[in-house]
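Here are a few notes to read alongside the model.

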Amino acid sequence: MGYPHPSHPKETVVLSQYFGDAEARSYDGWAKRGGYEAFRKALGMTREAIVEEVKASGLRGRGGAGFPTGLKWSFMPKEVTRPHYLVCNADESEPGTFKDREVMRWTPHALIEGCAIASHAIGAERCYIYIRGEFTEPWTVMSAAVEEAYARGTLGADAMGSGKRVDMVLHRGAGAYICGEETAMMNSIEGKRGNPRIKPPFPAVAGLFGMPTTINNVETLAAVPHILNRGAAWYKALCLGNPKSTGTKLISICGHIQRPGNYEVTMGTPLKEILYEMAGGPRPGRTFKAIIPGGSSVPIMTREEAESALFDYEGIAEKGSLLGSAGLIVMDDTTDMVYQIWRLARFYAHESCAQCTQCREGTAWTTRILERILAGKGKQEDFQLLLDLSENMTGKTICVLSDSCAAPVVSGIQKFRSEFEAYIAGAREPALAAV
Amino acid sequence: MSAHSAKGGHDTHAAPHEPVFTGETRARLERLFAQYPTKQACLLPALWMVQEVRGWISEPAIGEVADVLDLTPAYVKGVVTFYTMYHTHPVGRHFIQVCTTSPCNICGAEDVVKALLQATGCGELGATSPDGRFTVIEVECLGACGFPTPILVDDDFIESVTPDQVAGILKRYP
């Protein structure tokens, strides 16, 4: 079942099968649907065997970076000489992305099961699930589910009678986009400001509380029980494009589109099918102008680029953007691109943790220059100024927040330059009052 | 709802600080200590508790949190001010957050903001209505972009809000 729409015949429904099915939220409802079988199976397997299975499936991190999940798990020390931790990243804050929210709202036990399996696989006795503060409903649903799982003995000192301890703690964020960055998240759990940390050391060496730590996204972890149940070969076979991108992907679609919502597709599905057949295409009488395919942090695609792309990590990269979190922001021909790029820059300026100069100053100046252009006070030199700033904001900071601000600005100037020109030439009514 | 509800009344000014961490709230905090290897890690949950009980986080409350977690008030204040959901001054009885980031913006979020500011009597973002009932703020991405415009009224997450629905929604929050 899709949500909020019935699933489309071209979807491949795995993780989203029970979206919209309230009964699947309860422990018994989940167990009736095959829930916790994979965890039982995992408890009978060695850590190495689970890691190998996940490696063989080709599963890659669904939070945005696309790092191979099994490989990440294999970085954890083989011997457990001090506490190991799993952190589940449920801080979903990337504009355009709202899939993890649906996983938690409808299938909380799928996430708990995935976390439990991953904890066992990396030798962790405790998992922290970091849920963004604004997600009040997912928090309530997840709290109830964790409580149920403890009451049934699935979690706790003797998980499913295995003699292994698996604890799960929900940790509530408090409004900071940057805490979705894995090292900022660790600081936030430790009771600190959410400033990203310099890597190395990588989390598997010195992570949460200085201990070996693995951080995975909600969707990644929710896919794990399916892989154990149905096998790595089944998962790997879900692939239409490049063999490096396997499995299914939850896609959030929003903006100027007939049927916004979440969809699940096999990796490599043509983006045109997703936009027109599944999500119903543009509003009546409109055409698409721009598509941001991976949450707001990736380069903007033109309609032509998007409509010729295959939707997987390589397919989107080939067209000059990134799959990211697969949050598709669709903009039609009514959209003022300069205004929306300004709005995105403002987002990053607001969310910068302000540790790195390039980001703190760069995001703010980018925003102000765009404001000036929108107020009709722009100059020709502003193009070069924005591009120079963006270059100084890319690849030069502790985390990639400033790169994320530069991506829409640079791609926006490249692909929609005439809209900037119109404001600068005074051919377009100012959209903002002069500052 | 949960231990982390954002609801609750709020302090009047200048009254002597009445400790938050007594009785059941204290017991809840102590149960949390078992879930983290350090007391410091209980800082975000402890701040949520203060906000739940008092509606906002005052200077004396910061001092109390520092005290119960063996931290300094300056450190706690540094953390409080990093996170946008902690209120460092009193807010209206009902706190309204409206998403206006790009995906909602292109679907009409600015009109929802205007309707809310007018119907609540708040007049401007961040201000509290003269009757003390509402405070409205603009926030960055609430993570429900497919359902524009999402708003949070206290702990109630409301999707697909349009300007004409605003008055009806507000009626539910006396």
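Which residues of strand 5 of chain A are buried on one side, and which on the other?

1. Thr248(A), Leu250(A), Ser252(A) and Cys254(A) are buried on one side of strand 5 of chain A, and Lys249(A), Ile251(A), Ile253(A) and Gly255(A) are buried on the other, which leaves both faces covered. Buried here means under 20% relative accessible area, with exposed over 50% and partly exposed in between (1.4 Å probe, protein chains only). Since eight of the eight residues of this strand (residues 248–255) are buried, it is largely enclosed by the rest of the structure. Strands (E, at least two residues) and helices (H or I, at least four) are DSSP runs, numbered from the N terminus.

2. A word on the ground rules: this is a predicted model, where local features need pLDDT of at least 70, side-chain atom pairs count only at pLDDT 80 or more, and totals for chains, interfaces and linings use all residues. Residues are numbered from 1 along each chain as its sequence is written, chains are lettered from A and ligands numbered from 1 in the order in which they are written, and side-chain values use heavy atoms, with hydrogens and water left out.

3. Now the partners of strand 5 of chain A; two strands pair if DSSP finds at least two bridges between them. Strand 6 (residues 261–266) of chain A runs antiparallel to strand 5 and is joined to it by six bridges. The two form a hairpin with five residues between them, and Ser252(A) has Asn262(A) as its bridge partner. Strand 11 (residues 327–332) of chain A runs parallel to strand 5, with four bridges; there, Val330(A) stands opposite Gly255(A).

4. On to the interface. The contact (heavy atoms within 4.5 Å) takes 59 residues from chain A and 45 residues from chain B. Together the chains bury about 4,000 Å², 58% of it on carbon and sulfur atoms; this is the accessible area (1.4 Å probe) lost on putting the two parts together, summed over both.

5. Four salt bridges link chain A and chain B, each a side-chain nitrogen of Lys or Arg within 4 Å of a carboxyl oxygen of Asp or Glu. One of them joins Glu140(B) and Arg343(A) (3.3 Å, N to O). Helix 14 (337–351) of chain A is among the elements supplying at least two residues to the side that touches chain B, and it gives the most, with eight residues.

6. Finally, confidence: the model scores ipTM 0.95 and pTM 0.96. For chain B the mean pLDDT (the predictor's confidence in each residue, from 0 to 100) is 92, and 92% of its residues reach 70 or more. Residues 1–9 of chain B, however, have pLDDT below 50.
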